[in-house]
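Visitor: I am new to protein models. Could you walk me through this one?
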Amino acid sequence: PAGGWPAEGRGAGREGLGAARSVKIAILTGRSLTDIDQYLRHEGKEFADPFDAAALEYTDPHSGERGKIYVIGGYGDDVCPDLGEPCARKLSSEQVVLRQRLIAELPAALAAQFPSTPITEKLEPDQTNAIRIEIKDNGIAIHTRSFGEAHGEMAEAIRTFSRNFYAEKSAQWGTLHSIPGSEVEELSITNPNKGHSITYLAEKF
């Protein structure tokens, strides 16, 4: 994912699409707004600036008018300022506490189960065989892509452990949600999805 940057010249295609009548451009993703901001604006160059909604625009080549690109991240929990309130419901005070327990206990459990495996929030360049954790607004994701095919069994063991952790804690704490992906296992307090985001956009526009 860190190398999945848009192809050069993608802006022209975006502007052409935006020039069509009655077309709204929206990006729906599980990633954060900051990630998408980087992908849209910087063509592979990382930066530390916060999300800049004003930069997520395009120009209609016919009228010269500016149009907005609407972004929904976090499977619906994270939306760009132009859309207003998130389309997914806010965490309750109980869910906030549950999220804090989740993001504290899962990494600790992984460290105890796999003591010789590094656990980090940001992989160093060319770092391999490390567990990358991603803290999200509604939970935590465990990434195992750095293990590669040669260490696929280890990666699968880590994801299986995360799924078992989910099953055990869900029974103890109340409902959690497991969202499997490609080389990633995400545990969430809420259950947002892109379908909810599509419905939200359809109703809004």
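Guide: Happy to! One term first: a residue counts as buried when its relative accessible area is under 20%. Please keep in mind that this is a predicted model.

Visitor: What share of the residues of the protein chain counts as buried?
Guide: The cut-off for buried is under 20% relative accessible area. The protein chain has 205 residues, and the share of them that counts as buried is 40%.

Visitor: Where in the protein chain is confidence highest, and where is it lowest?
Guide: Across the protein chain the mean pLDDT is 76, with 65% of residues reaching 70 or more. Strand β5 (residues 119-120) has the highest confidence, with a mean of 94. Residues 43-55 have a pLDDT below 50, yet this stretch makes 29 contacts in the model beyond near neighbours in sequence.

Visitor: Which element gives the largest share of the largest nonpolar core?
Guide: This core has 18 residues, and those touching the most other members include L102, L106 and I158. Two or more residues come from each of α3 (93-113), β6 (131-136), β7 (139-143) and α4 (152-173). With five residues, the largest share comes from α4.

Visitor: Which residues with numbers in the sequence beyond four places away does I140 touch?
Guide: I140 is one of the core residues that touch the most other members. Leaving out residues up to four places away in sequence, I140 touches L102, I103, L106, P107, I133, E134, I135, E185, E186 and L187.

Notes
Residues numbered from 1 in each chain as written. Predicted model: local features only at pLDDT ≥ 70, side-chain atom pairs only at ≥ 80, totals over all residues. Heavy atoms only, no water. pLDDT = per-residue confidence, 0-100. Helix = DSSP H or I, 4+ residues; strand = E, 2+ residues; numbered from the N terminus. Contact = heavy atoms within 4.5 Å. Buried < 20%, exposed > 50% of the residue type's maximum accessible area, 1.4 Å probe, protein only. Core = buried A, V, L, I, M, F, W, Y, C linked by side-chain atoms within 4.5 Å.
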